[in-house]
Amino acid sequence: MTIMLERPHASLRERVADFLFDEAEIADAHRYEDWLGLWGQDAFYWMPCNDDDIDPDMHVALIHEDRMGLEDRIRRLSSGFAHTQQPRSRISRVISHIRCGELEEGLVEVRSVFNLTAFRRDRFEIFAGRQIHVLRPVENRFEIVRKTVYLVNNDGYMSNMTFLI
Amino acid sequence: MNPMRGIDVDRLVQPDRVHSHVYTDLTIFEEEIERIFTQGWIFVGHEGEIPVPGDFRQRTMARQPVIFVRDQHGGVQLLMNRCTHRANAVCHLERGNQPAFTCPYHGWRFKLDGELAVVPFAERFPEDFDRSALGLRSVPRVEAHRGFVFASLNPDVCPLKDHLGPLVMQELDDIADLSPEGGIDVTAGYHRLRYAGNWKLQVENAIDGYHANFTHRTHMDNVRFRTGFDPAPLTSSAAPARIHALGNGHCRWDSSSLNKSGTRAFPGKTPDPGAWEIYLDAMIAAHGKERTDYLLSKQGSHLYIFPNFSYTGAHFRLFQPVAPDETRVTLFPFLLKGAPREVNRKRLRVHETFFGPAGGGQSDDLEIFERNQVGLGASLDPWSLLTRGVHLEQQEADGSVSNQITDELSNRTIWAKWKQMMGEGAMA
């Protein structure tokens with residue numbers, strides 16, 4: 001289901017919102033291959049650790065992955081042997097405060113916030129934060145060039161965070 | 001002296017098995033906090049975390065709040081995070097750099113070495129008020145080896161070198177000497193983890209070759225997919241790799257045989273050959289060819305120091321017991337002083353692939369610990385077995401005892417030390 005294809009005359013903001021909602025639905029449903037398909041070949045996924053304002057190169061991250069790393073993540077999750085997702089976390093996220101602007105070379109930067117509730121083995125957890133997507137228009141859709149997720153608890157003691165954020 | 005209240009250590013910990021209660025019982029947990037984490041030596045941090053005066057980190061020792069700080073004279077201090085006036089915490093940030101610690105309640109101000117410098121409106125205290133006796137309380141014993149700082153709340157604890165022993169000190173030397181300058185930089189941040197399980201589940205897992213092919217099957221599969229090389233035989237019962245008991249409950253997993261085959265060499269995660277050559281040349285210039293070959297063959301070895309330290313190649317860890325079924329673990333990925341930026345950058349990338357809450361390996365360990373705590377609740381047969389390889393242990397020339405990598409020598413040596421510290425009269 002790709003709603004944005006049905007709304008070719010929508011504004012840029014409407015189209016990027018549709019994309020973020022699609023991504024959220026795909027991730028919440030653990031549709032791993034579909035999620036990987038949202039990313040470009042030059043993808044970079046970054047989730048800083050300890051603080052938001054750190055050096056991506058020389059400070060440890062929660063996630064620091066290029067396309068190959070994302071493929072490895074998806075292969076692992078799809079295998080049935082990732083114990084952290086056996087059983088899977090039940091997850092549901094709300095995306096809001098979507099704002100976007102055009103960058104050079106046709107890229108679009110999208111800022112938004114999210115609130116994700118996870119439930120697994122009788123334990124609720126909340127993951128919240130803001131995210132920045134850099135999207136590239138490709139034919140009638142977008143692909144993710146860069147995604148950065150700033151968790152409010154990125155300096156907290158964390159347990160299993162192996163579902164798709 | 002805090003007598004054991006009806007805890008029969010000899011029954012709970014036997015040479016070939018341990019009882020579930022050692023992982024689940026609150027009374028035993030409280031005794032561990034007292035006997036092991038208060039009376040003994042524990043790991044608290046590395047000097048490389050706080051390189052300049054004013055740098056500090058909050059830590060806990062036996063659940064008590066302490067400040068790990070570089071003082072105004074360049075020394076390393078461990079101070080109780082408690083104002084000597086009315087017990088307010090004087091440091092409320094997890095980490096940072098400050099010129100002093102000022103109590104927010106009544107304004108008492110302490111220098112970085114703990115000395116009380118300012119008492120507002122001091123004239124209203126009685127005549128015998130002695131400011132010099134009211135500095136922040138120092139942890140009584142703090143000693144380091146190659147920057148690794150250990151401490152004890154027990155002023156009468158043995159010297160650190162007796163706790164570590166020569167074999168462990170050599171292992172710490174080998175970690176520090178991975179730097180051409182002989183020192184590590186611990187300013188690259190932390191992974192902070194928690195799991196709903198006993199702290200000793202992490203302890204036993206620190207040196208456990210048997211679990212790798214099963215718990216970490218997805219990692220093995222990814223290595224096979226990316227490199228065409230199957231790493232699973234390296235942690236099978238046919239592998240040449242060994243576990244060594246180093247005395248006092250400390251142990252090591254010698255993975256030099258794994259390294260030669262490049263298990264961790266994911267494409268894209270190894271440094272550019274040019275940067276690696278620069279690093280190699282610097283290492284050989286600093287340590288000589290023979291020692292450099294030896295040090296690099298050990299990359300990825302695991303080390304466990306009783307009770308709360310482990311090392312796994314790209315990082316070391318600190319274990320923090322919170323409750324019988326609640327544990328916090330801090331991972332310290334570190335950089336090598338004098339190595340090219342590219343080499344250090346790739347160390348972090350290798351670490352992130354496997355470790356941390358979103359990584360593809362360690363997250364499964366935490367899941368296994370939580371399932372372990374569930375299983376320990378079954379009481380009909382309350383024993384965990386420790387017998388693997390017990391009849392195949394070997395005495396080594398360096399004084400260590402060794403076993404094949406999938407054997408349970410590490411569990412046995414850890415439990416023997418635990419029993420010694422928890423047994424009757426251990427604190428006499």
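This section describes the fold of chain B and a strand pairing of chain A in a predicted model.

Residues are numbered from 1 along each chain as its sequence is written, and chains are lettered from A and ligands numbered from 1 in the order in which they are written. In this predicted model, local features need pLDDT of at least 70, side-chain atom pairs count only at pLDDT 80 or more, and totals for chains, interfaces and linings use all residues, while side-chain values use heavy atoms, with hydrogens and water left out.

Chain B contains 13 helices and 24 strands (DSSP runs numbered from the N terminus, helices being H or I of at least four residues and strands E of at least two). The radius of gyration of chain B, 23 Å, is close to the 22 Å given by the globule rule for 428 residues, so the chain is as compact as a globular protein of that length (the radius is taken over C-alpha atoms, and the rule is 2.2 Å times the number of residues to the power 0.38). Along the principal axes, the C-alpha atoms of chain B fill a box of roughly 75 × 60 × 40 Å. Of the 428 residues in chain B, 58% are buried (buried means under 20% relative accessible area, exposed over 50% and partly exposed in between, with a 1.4 Å probe and protein chains only).

An open sheet of nine strands in chain B has the order S14-S20-S19-S18-S17-S16-S15-S24-S23, with antiparallel pairing (two strands pair if DSSP finds at least two bridges between them). Its edge strands, each pairing on one side only, are S14 (191-195) and S23 (394-395) of chain B. Strand S14(B) is mostly covered, with four of its five residues buried, and is joined to antiparallel S20(B) by five bridges; within this pair, B:His191 has B:Leu331 as its bridge partner. Four bridges link S15 (residues 242-247) and S24 (residues 401-404) of chain B in the antiparallel sense, and B:Ile243 stands opposite B:Asn403.

Helix H12 (residues 362-375) of chain B lies across S14, S19 (315-323) and S20 (326-333), running at about 25° to S14(B) (axes are lines fitted to C-alpha atoms, for helices over the stretch in contact, and angles run from 0 to 180 degrees between N-to-C directions; contact means heavy atoms within 4.5 Å). Helix H13 (residues 409-422) of chain B lies across S15, S16 (250-254), S17 (302-305) and S24, at about 15° to S15(B).

Helix H4 (residues 160-176) of chain B has 17 residues, yet its end C-alpha atoms are only 18 Å apart, short of the 24 Å that a straight helix would reach at 1.5 Å a residue (the expected span is 1.5 Å times one less than the number of residues). H4(B) bends by about 75° at B:Pro166 (the angle between axes fitted to the seven residues ending there and the seven starting there). Twelve of the 17 residues of H4(B) are buried, so the helix is largely enclosed by the rest of the structure.

In chain A, nine of the eleven residues of strand S6 (residues 141-151) are buried. Strand S1 (residues 39-48) of chain A pairs with S6(A) in the parallel sense over four bridges, whereas ten bridges join S5 (residues 123-138) of chain A to S6(A) in an antiparallel arrangement. In the hairpin of S5(A) and S6(A), which has two residues between the strands, A:Glu139 takes a positive phi near 50°.
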